[in-house]
Protein chains: 2
Amino acid sequence: MPKLGMEPVRRAALVRATIDEIGATGTLDITVSKIAKRAGMSSALAHHYFGGKDQIFLAAMRHTLTVYGREVRAGLAKADGPKARLEAIIRASFTSSNFRRDVIAAWLNFYVLAQSSPPAQRLLSIYQRRLHSNLVHDLRPLIGARAGPAAQRIAGLIDGLYLRQGLARDPDPSDGATRHVLAVLTAELKGNAQ
Amino acid sequence: MPKLGMEPVRRAALVRATIDEIGATGTLDITVSKIAKRAGMSSALAHHYFGGKDQIFLAAMRHTLTVYGREVRAGLAKADGPKARLEAIIRASFTSSNFRRDVIAAWLNFYVLAQSSPPAQRLLSIYQRRLHSNLVHDLRPLIGARAGPAAQRIAGLIDGLYLRQGLARDPDPSDGATRHVLAVLTAELKGNAQ
DNA sequence: ATTTTTATTGATTGACCAGTCAATAAACAT
DNA sequence: ATGTTTATTGACTGGTCAATCAATAAAAAT
């Protein structure tokens, strides 16, 4: 039965199945067999393509980060001027593709893993640095030297609201979180945060 | 050898050992045997007093929450007026006893667990509601109807900065986080966040 | 035609671990 | 003295799971 060129198809299926499985259980305590079954293959094949459980999960997070990065860039492309660009960055963090229950569950487990796994820590740092430098880039022309601290506050607020929303029982539309961050952005631009 | 009245001693030792062990590994993926060894007893005894692994961890989080609550109350007792009280609440979240690596690791794992464990979810809700109502109580006299949304932003910022600090490699003194939250508080009080 | 590469899985191994239980013994109660 | 409660553990059980491997087979290359 072997059709050639299956590798990318299988990898993609495993990545999606991993996020689905994490979303279904909430935990990273899932078995390779379950992921493989969800992706329609044997666990041996999953090992064959990824090598091990950690690498499957890291691939899933790399994918999540790629999707997020794409959304940020898409938003920035349409934005005109620093303020519009800042709003685009903030909105991108709460788009429906990043704000789904399963994706949030993956993020939470990713945070936990980042404490003990250097590759996960590295991946997380990439996300954090990118967000920070994106924010600073567009805050600087508006508030100069205060851009750095302001960016830290906004980034912290994004992560915190993301976390809180992920744990809320009611699936509040991401609107609330977005508006909250925009409100703080406004305050930062008015220079009243000190 | 049995000395009587060991139960509270053993329980306390297990709670402390649990947080230490989580801090050492970063994961909740720890064995009862490891915890028990760290606490100087057999795993059977740990099971005897707590019943199961989940219950040991929940007890550890209940303890953490108790310590945190005590610190909030201690801060509030010394504060005079709404603004000083708000500052006390914020400072309490970042005291050295809550801001230790192992405690933060426990929190992260607690967030993950809260997605799938109703008792953990309940415990987390208690923390969140308490923080929110504490903030609203002292924001209301200062900014009236805007207290609710402002409290959500401040609570989100606290959680987000806590999370970010927990994942940073350099153990930045909690000062930075505290100052950031106080800065946003100032902005909220000036009424410029919308 | 046959060798090599790619795809695929069932079965197995080796390790780990949560939870149980029977057994031991000190303290206390009667 | 005898019985009961509390403390304690070594040993065991049942189950789970990551990772490996040998075996099967289709496609591609020679």
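Asp159(B) touches Gly160(A), Leu163(A), Arg164(A), Tyr111(B) and Tyr127(B), leaving aside residues up to four places away in sequence; contact means heavy atoms within 4.5 Å. This is a predicted model, in which local features need pLDDT of at least 70, side-chain atom pairs count only at pLDDT 80 or more, and totals for chains, interfaces and linings use all residues. Residues are numbered from 1 along each chain as its sequence is written, chains are lettered from A in the order in which they are written, and side-chain values use heavy atoms, with hydrogens and water left out.

**Asp159(B)**

- Asp159(B) sits in helix α8 of chain B, residues 147-167. Helices (H or I, at least four residues) and strands (E, at least two) are DSSP runs, numbered from the N terminus.
- Asp159(B) counts as buried because its relative accessibility is 3%. Buried means under 20% relative accessible area, exposed over 50%, and partly exposed in between (1.4 Å probe, protein chains only).
- Asp159(B) forms a salt bridge with Arg164(A), and the closest N and O atoms are 2.8 Å apart. A salt bridge is a side-chain nitrogen of Lys or Arg within 4 Å of a carboxyl oxygen of Asp or Glu.
- Within chain B, the side chain of Asp159(B) makes a polar contact of 2.9 Å with the side chain of Tyr127(B). A polar contact is a pair of N or O atoms within 3.5 Å; within protein, one must be able to donate a hydrogen and the other to accept it, and residues adjacent in sequence count only if both atoms are side-chain atoms.

**The interface of chain A and chain B**

- Chain A and chain B each put 41 residues into the contact.
- The two chains bury about 3500 Å² between them, with 59% of it on carbon and sulfur atoms. Buried area is the accessible area (1.4 Å probe) that two parts lose on being put together, summed over both.
- In chain A, Gln115(A), Arg164(A) and Leu167(A) lose the most area to chain B, together 19% of what that side buries.
- Two salt bridges link chain A and chain B. Seven residue pairs are in polar contact across the interface, both residues at pLDDT 80 or more.
- On the side of chain A that touches chain B, α6 (101-114), α7 (118-143), α8 (147-167) and α9 (175-190) each supply at least two residues. The largest share, 12 residues, comes from α8(A).
- By class, that side of chain A has 18 nonpolar, 16 polar and seven charged residues. Ala, Val, Leu, Ile, Met, Phe, Trp, Tyr, Cys and Pro count as nonpolar, Asp, Glu, Lys and Arg as charged, and the others, Gly among them, as polar.

- Asp102(B) lies in helix α6 of chain B, residues 101-114. Asp102(B) is buried, with a relative accessible area of 13%.
- The side chains of Asp102(B) and Arg100(B) are joined by a polar contact of 3.0 Å. Asp102(B) also touches Ile19(B), Asp20(B) and Gly23(B), not counting residues up to four places away in sequence.
- Ser96(B) is in the loop between α5 (82-93) and α6 of chain B. Ser96(B) counts as exposed, at 61% relative accessibility.

**UniProt features in chain A**

- An unreviewed UniProt entry places "domain: HTH tetR-type" at residues 8-68 of chain A. That span is 80% helix and 0% strand.
- UniProt (unreviewed entry) places "DNA-binding region" at residues 31-50 of chain A. The end C-alpha atoms of residues 31-50 lie 14 Å apart.
- Such annotations may be inferred rather than shown by experiment.
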